[in-house]
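Good morning, and thank you for making time for this item.

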Amino acid sequence: MLLELKNIQQAYGQQLVVNNLSLRLEKGQIGCLLGPSGCGKTSVLRCIAGFEPVIAGEILLSGTTVSSDSVFLPPEQRRIGMVFQDYALFPHLTVINNIGFGLHQLPKNDRASRVNELLGTVGLSDAANKYPHELSGGQQQRVALARALAPRPDLLLLDEPFSNLDVSLRERLSLEVREILKNQNTTAILVTHDQNEAFAIADEIGVMHRGEIQQWDSAYNLYHRPANRFVANFIGQGVFLPGQVLDPKRVEIELGVLTADIPHQCSPADQICGKGCRVDVLLRPDDIVHDDSSLLQATVLHKAFRGADILYTLSLPSGTSALSLVPSHHNHAIGEKIGIRLEADHVVAFPSS
Amino acid sequence: MKVETLSIAARNGNKLTSLSRYLSSNHRPVSVWRLIPFLVAALVLIPIGTILSSFFAPTSDIWQHLVETTLLSLLINTFWLALGVVSGTTLLGVSLAWLTAVCEFPGRKLFSWALLLPLAVPAYVTAFVVLGLFDFTGPVQSAFHSWLGPDAWFPEVRGRMGVITVMVLAFYPYVYLLARNAFLTQGKRSLEASQSLGLNRTQGFFRVALPMARPWIAGGVMLALMETLADFGTVAVFNYDTFTTAIYKAWFGMFSLAAASQLASLLLVIIFALIVVEQQIRIRMRYAEVKQSARADRIALSGWRSATATALASGTLFFAFLLPIGQLVIWAANSLVQDLDSRYLGFLWHSLLLSTLAALLTCTVALLLVYATRRHPDAATRNAVRIATLGYALPGTVLAVGMFVPLASLDNWIGEVTLQLFQIETGLMIQGTLAIMLLAYLTRFLAVSHSPIDSAMQRITSSIDEASMSMGINGWMMLRRVHLPILKSGIFTAGALVFVDVMKEMPITLMTRPFGWDTLSVRIFEMTSEGAWEQAALPAVALVISGLIPIILFMRQTEK
């Protein structure tokens, strides 16, 4: 295990910002802490880097304790690289010298060849002698990445690395960064509030809320098997519809009967939902499909054109609303009644509150 | 040939008419606003031109004499003084800035603002207090010699080291202020970045914090150096000959304006070289601008380190501020009865009046400049403004000569013309008035008032204008209801800064004042040149009190 956090706690004054948080990362894995701003994700990163102490718990790097209530290894001795949100490039140094900054112990020739190698990796060989202020945002980001990778750190931390870039560049760069990290077999943790970024880069994602990890899982499972209401709400879109458990395999809602292992999904506290238990069922926009031949009718409340498809907000006969993703050539006006059909192959349900 | 030129002229004429049509169709005739920056720039260029042209003037006997006897020693004196002040202010300013910005030691909070207080004491005031206290006949040396015998060695106060020490104590706050600012705004991000790359905090200071602060440190040192070269009062008190005192002596001792302007031209060449360097530094400062990030935890000093830090800070504060102030108060109290008479009130009145007039004048011109740039934000206007605000770099002695020479000859010319044409004896219309002095003040201190007003104006974006116009408020109404409230504090700051600078100003006032217009600083010059330290104390106290105004303003601003 390359990185292990055991029940760490961190506080600013009286305010507990990280609460009993644990996670494990294997060599070569890319993890991600995803959550709204103020959830404590950056604090976790700063604890791992050694910029903040932990008030309880333990942080281990390759089996050695680096932070606990009695141990504190200073950041410069942890062999952890970091890409900062604002890049923190040294404005007085050229690209080459920024990248070579952490290689001060290497002989000159080795340093130059390592820097050249990285310039190639991030595709900045042409900008080698420029100063940070002469670079575009995307280029600065690459320099920051190359600089952090240069000393071959055991672990790389990325703090909202793409938040200063525009959307199109963000998507391209995040795929690029994943490729670079995977090629170098780098272990990394990314912190972000943007789920698309997390999905694009990370192998495993921890959704954070109020200083705790709500669920540590793959992107697929976070979307399709959220562990609790917070994760269900935070990841993707969807609405909750009231339903009733018919038997351990079936649940009935307004739109019909869904079939799956319901009790397994019923969290928190592994509460087994028996027959007749009232639940809230999560329906994603792709769980409701448009079908002109369907007898089930819903009224269009809002529509959002998104190119390939249209996201309709529908009013169901009972008055509750639901979302439906429909191919965009099915263009309906607001107020129109359209036929819909349930098409969900799994069920996400929580006991109703 | 003729036809060709005619057709070109015709074509140009067409262009002109279409241009004027274009302008009038936009209801934007070429306005006075276009001209103002160039007129003000001309005001700066006239003294510079006058002085520089004397560089090539035929050599007079007096000049020949100066070259043979004193020029070399002037250059040597200036060189050592500059070198000493530069290294002294760098060392003292940067170390105090680092200690108060990044470290924690007893008294750190108090020192971080108190170390700016020496800015309130003009260098020439510190100079005469130091001489009065430590000179051969002063109380310190007397006590020393009566204790250890008359032959015991005591450092030479009146020499080069004395002047350098006084100027370092007076000018280190410039370096301190800028370096501290740089260290504070760097925040912890860059230090963290260097830590994540394997450097500890000490290595981080030398490899990251210090290099990143370099442009600011250089900027502060540059200010200190400019002040050193422009200084007249301190070197005059110490009888340490530099270009400024030589210019004064050539004019008022040898009555040779020509020799004075030739000396001034040499000084001006040195200053120009520095301006070029300074512009380069400013450009680098702009690029090296650091994004604000959270401040790092301070490095807690302990044991001998913290004792050294406290000792350095309190020692500096003692010698640069507390000691001069204390001695001034004692002397002023002793001489209060005989000095606080109608003559003193006259000096005070002249100082206040001149400072107020100069503040009003420079603020008005600065406002005009700022509005002109707003109306025509093109390269030509910006360059004109840059020249117009160049005067801060010109030493007062140089400006005094440069203003006096052309205006005096204009005065004489008017006199002759009116006498010949109208048989009217006009006398000296310009030289007997405050005009030369005020114009010189305007040139020297325009930059001081321009920068706060300009930065206040930056806050009035063009969309603010458009917003108020869309609500039906424009013209004078907009000026009164939108612009003035936003500019108010900037104008006030500008006025206060100029006011204080003119209060302290010595060479321009001394050299261009009309007969009988003695001010506080002139009084100090006269008393100190006779070694009457006690008599100089009372006017100095008034200057120090007024000098505290901008520091208080500044502190309030940074606290916000």
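The model is a predicted one, in which local features need pLDDT of at least 70 and side-chain atom pairs count only at pLDDT 80 or more, while totals for chains, interfaces and linings use all residues. Residues are numbered from 1 along each chain as its sequence is written, and chains are lettered from A and ligands numbered from 1 in the order in which they are written.

Let us start with chain A. Chain A is divided into domain 1, residues 3–229, and domain 2, residues 238–351; these bounds come from an automatic or database domain assignment. The centres of the two domains of chain A, taken over C-alpha atoms, are 38 Å apart. Their contact takes 6 residues from domain 1 of chain A and 5 residues from domain 2 of chain A, where two residues are in contact if their C-beta atoms, placed from the backbone, lie within 7 Å. On the domain 1 side, the residues divide into 2 nonpolar, 2 polar and 2 charged. In this classification, Ala, Val, Leu, Ile, Met, Phe, Trp, Tyr, Cys and Pro count as nonpolar, Asp, Glu, Lys and Arg as charged, and the others, Gly among them, as polar.

I turn now to the strands of chain A. Strands (E, at least two residues) and helices (H or I, at least four) are DSSP runs numbered from the N terminus, and two strands pair if DSSP finds at least two bridges between them. Strand β1 (3–12) of chain A pairs with strand β4 (56–61) of chain A in the antiparallel sense over 5 bridges, and A:E4 stands opposite A:L60. β4(A) is also joined, through 3 antiparallel bridges, to strand β5 (64–67) of chain A; here A:L61 faces A:T64. The hairpin of β4(A) and β5(A) has 2 residues between the strands, and A:S62 takes a positive phi near 50 degrees.

A further hairpin is made by β9 and β10 of chain A. Strand β9 (204–209) and strand β10 (212–217) run antiparallel and are joined by 5 bridges, with A:H209 opposite A:E212. There are 2 residues between these strands, and A:R210 in the turn has a positive phi of about 50 degrees.

Which strands make up the open sheets of chain A? One open sheet has 5 strands in the order β13-β12-β11-β14-β20, with antiparallel pairing. Its edge strands are β13 and β20 (349–351), each of which pairs on one side only. The twist averages 40 degrees from one strand to the next, with axes being lines fitted to C-alpha atoms, for helices over the stretch in contact, and angles running from 0 to 180 degrees between N-to-C directions. Within this order, β12 (250–253) and β13 (256–259) are joined by 4 antiparallel bridges, and a hairpin of 2 residues connects them. A:V251 stands opposite A:L258. Towards β20(A), strand β14 (278–283) pairs over 3 antiparallel bridges, and A:V279 is opposite A:P351.

β16 (297–305) and β19 (337–342) share 3 antiparallel bridges, with A:T299 opposite A:K337.

We come to the contact between the chains. This contact takes 19 residues from chain A and 19 residues from chain B. On the chain A side, the largest share, 3 residues, comes from strand β6 (80–83). That side of chain A divides into 13 nonpolar, 4 polar and 2 charged residues.

Finally, chain B. Its domain 1 comprises 35–69 + 340–529, and its domain 2 comprises 73–256 + 292–333. Their centres, over C-alpha atoms, are separated by 30 Å. In chain B, 15 residues of domain 1 are in contact with 16 residues of domain 2. Helices α17 (396–422), α21 (507–512) and α22 (520–529) of chain B each supply at least two residues of the domain 1 side, and the largest share, 4 residues, comes from α22(B). By class, that side has 9 nonpolar, 5 polar and 1 charged.

Where does α20(B) bend? The bend, of about 50 degrees, is at B:L484, and a proline, B:P485, follows within four residues; the bend at a residue is the angle between axes fitted to the seven residues ending there and the seven starting there. Helix α20 (476–504) of chain B spans only 37 Å between its end C-alpha atoms, whereas a straight helix of 29 residues would span 42 Å at 1.5 Å a residue, the expected span being 1.5 Å times one less than the number of residues.
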